Amino acid sequence: MSYMYIPSATKEFIFDLIASNKREFGRALNEYRDIKIEKNVIEHAEGSAQVTIGNTKVLAGVKITVGEPMHDKPNEGNLMTSAELLPMASSDYEMGPPSPNAIEVARVIDRGIRAAGIIDTAALFIEEGKVWDVFVDIYVLNYDGNLFDAGTIAATVALLSARMPKLEGEKVISEGIKDKLKTNGIITSCTFAKAAGKVFIDPDANEETFMDARITIANDGKELRAMQKGLRGSFTLQELNDAVSMSFEKHNGLKALMEKALGE
Amino acid sequence: MSGGGEKPELIINGKRLDGRGATDLRSLKIEPNVIKNAAGSAYVEWGNNKIIAAVHGPKEALPKHTSDPEKAVIKCRYMMAPFSSLEGHGRTGPNRRSIEISKVTKEVFENVVMLELFPGTEIDIYVEVLQGDGGTRAAGITAAAVAMALSGIPMTDVPYAVSAGKIGETVVLDLNMIEDNYSDADMPVAVKPLTNETLLLQMDGSFTKEQFKEAMEMILESGKKIHEIQAAAIKRPYQEIIERYER
């Protein structure tokens with residue numbers, strides 16, 4: 001994920017910890033850092049949420065506008081998810097068009113939300129040639145690892161808290177609307193890294209500099225909905241099965257945090 | 001200036017739509033050091049504007065041909081988030097407006113940052129507008145000045161910026177989005193408070209000579225308050241350290 005420079009002494013120290021099933025700050029291999037979720041931070045957006053996992057900070061904003069359907073799906077609205085790794089978020093991020101990393105983050109998050117059926121695109125149909133476009137933009141403000149999970153939480157909470165604008169003639173009315181965007185269910189994702197032969201959850205930026213492999217597993221509590229393996233290294237079947245089980249174990253806790261932020 | 005349709009009444013009985021008088025600033029809050037990975041950063045809420053400014057560097061200027069062997073170069077990115085406005089979805093990526101604002105912001109800091117201390121390096125200024133409600137370039141410069149000061153990079157002064165404009169024949173300070181859309185003039189100005197020299201000035205619309213003078217006086221008067229809020233934000237992280245050790 002990152003090509004960040006860290007001193008080799010730090011790297012060795014963290015690597016050795018993991019080799020002996022330990023992590024910095026006394027964290028266990030299957031333990032998340034502190035997760036904080038705040039919704040409605042941007043009033044102009046139909047929905048928004050700021051999420052921090054440790055020092056990773058992401059902001060997701062939802063805009064809903066009138067657009068045209070895709071040619072192959074004339075009776076459905078559109079969901080479009082993008083991610084931007086802001087150059088302020090890390091000394092290694094650069095200005096310019098979205099990097100392959102940013103595109104991967106956005107597409108993995110998009111797949112989870114789409115596959116879980118959180119947005120019913122058929123319900124976004126207005127009339128022939130006219131549908132609602134739902135844009136989810138994920139802004140990475142500060143990078144300290146695990147953008148996949150932070151982004152999934154932010155995007156999901158932003159969508160679940162979004163208001164649904166009204167169409168009056170040609171004009172879109174959004175301000176002060178009480179109606180909610182129609183959503184179904186919830187999705188959580190768990191990202192695991194592998195290094196020193198160990199698999200551990202929620203890697204931070206230091207850990208991501210030397211991980212061999214990474215896997216993100218998204219589920220809705222009942223079924224797996226999206227997965228993405230990354231980097232050069234490999235996972236054994238046992239490691240994959242364990243990670244899948246762990247992702248289901250973590251679902252309820254993550255879901256409870258999201259529901260609390262949503263005020264449900 | 002770009003508002004279509006019928007012009008709404010923006011000043012009723014001497015009060016503006018949000019209850020302000022002509023010379024009143026919107027509420028302004030600055031929170032220091034919000035981006036851990038930056039050398040310095042600041043989050044500003046100016047009325048309904050929500051903006052993060054962050055400074056990275058000085059670091060090796062890349063690509064190499066952008067570097068200057070005699071001084072640091074400043075690179076600036078001002079960008080509106082796609083979800084920052086009430087209407088529509090802004091496309092990501094630079095446009096002509098954001099490129100121009102990035103350039104004039106950069107020029108403000110080329111004046112006050114002591115560039116000759118860091119030859120061959122670049123200093124990056126990032127201004128991300130998370131929510132925009134008029135006057136974002138001024139708010140961005142005000143926030144970036146705090147971020148630059150907190151980064152520890154030596155400066156000759158901490159600049160601030162604010163806009164003044166005209167509604168009908170009334171000169172007003174600090175226009176919000178609706179006022180800006182239907183105003184008869186808009187003029188963002190950045191100032192070096194030690195000398196009251198102007199570092200940025202853009203204007204469109206119409207001002208008489210007297211109205212221009214009045215607008216500049218308003219800006220310099222409000223600058224005292226803006227600068228006070230900036231100074232408090234810059235001091236806060238250090239005060240917190242002092243308090244921790246005095247306890």
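This is a predicted model: local features need pLDDT of at least 70, side-chain atom pairs count only at pLDDT 80 or more; totals for chains, interfaces and linings use all residues.
Residues are numbered from 1 along each chain as its sequence is written, and chains are lettered from A, ligands numbered from 1, in the order in which they are written.

Chain B first. Its secondary structure comes to four helices and twelve strands. Helices (H or I, at least four residues) and strands (E, at least two) are DSSP runs, numbered from the N terminus. The radius of gyration of chain B is 18 Å, close to the 18 Å from the globule rule for 247 residues, so chain B is as compact as a globular protein of that length. That radius is taken over C-alpha atoms, and the rule is 2.2 Å times the number of residues to the power 0.38. Along the principal axes, the C-alpha atoms fill a box of roughly 50 × 50 × 35 Å.

Of the 247 residues of chain B, 48% count as buried. Buried needs 20 or more other C-beta atoms within 10 Å of a residue's own, exposed 12 or fewer, and partly exposed is in between; C-beta atoms are placed from the backbone.

Now the sheet. An open sheet of five strands in chain B has the order β3-β4-β5-β7-β6, with mixed pairing. Two strands pair if DSSP finds at least two bridges between them. β3 (28–32) and β6 (73–80) of chain B stand at the edges with a single partner strand each, so one side of each has no neighbour in the sheet. From one strand to the next, the twist averages 15 degrees.

Walk across it. β3(B) and β4(B) run antiparallel, joined by five bridges. Here Pro32(B) stands opposite Ala42(B) in β4(B). Next, β4(B) and β5(B) pair in the antiparallel sense over seven bridges. Ser41(B) has Ala54(B) in β5(B) as its bridge partner. β4(B) and β5(B) form a hairpin with two residues between them, and Gly47(B) in the turn has a positive phi of about 60 degrees. Six of the seven residues of β4(B) are buried, so β4(B) is largely enclosed by the rest of the structure.

Helix α1 (residues 96–112) of chain B packs on it, touching β6 and β7 of chain B, and its direction makes about 140 degrees with that of β6(B). Helix α2 (residues 136–151) of chain B lies across β3, β4 (40–46), β5, β6 and β7 of chain B, at about 150 degrees to β4(B). Axes are lines fitted to C-alpha atoms, for helices over the stretch in contact, and angles run from 0 to 180 degrees between N-to-C directions.

Last, the interface. 25 residues of chain B are in contact with 29 residues of chain A. Contact means C-beta atoms, placed from the backbone, within 7 Å. On chain B's side, β5 (49–60) and β7 (121–131) are the elements that give two or more residues.

Technical notes:
Two residues are in contact if their C-beta atoms, placed from the backbone, lie within 7 Å.
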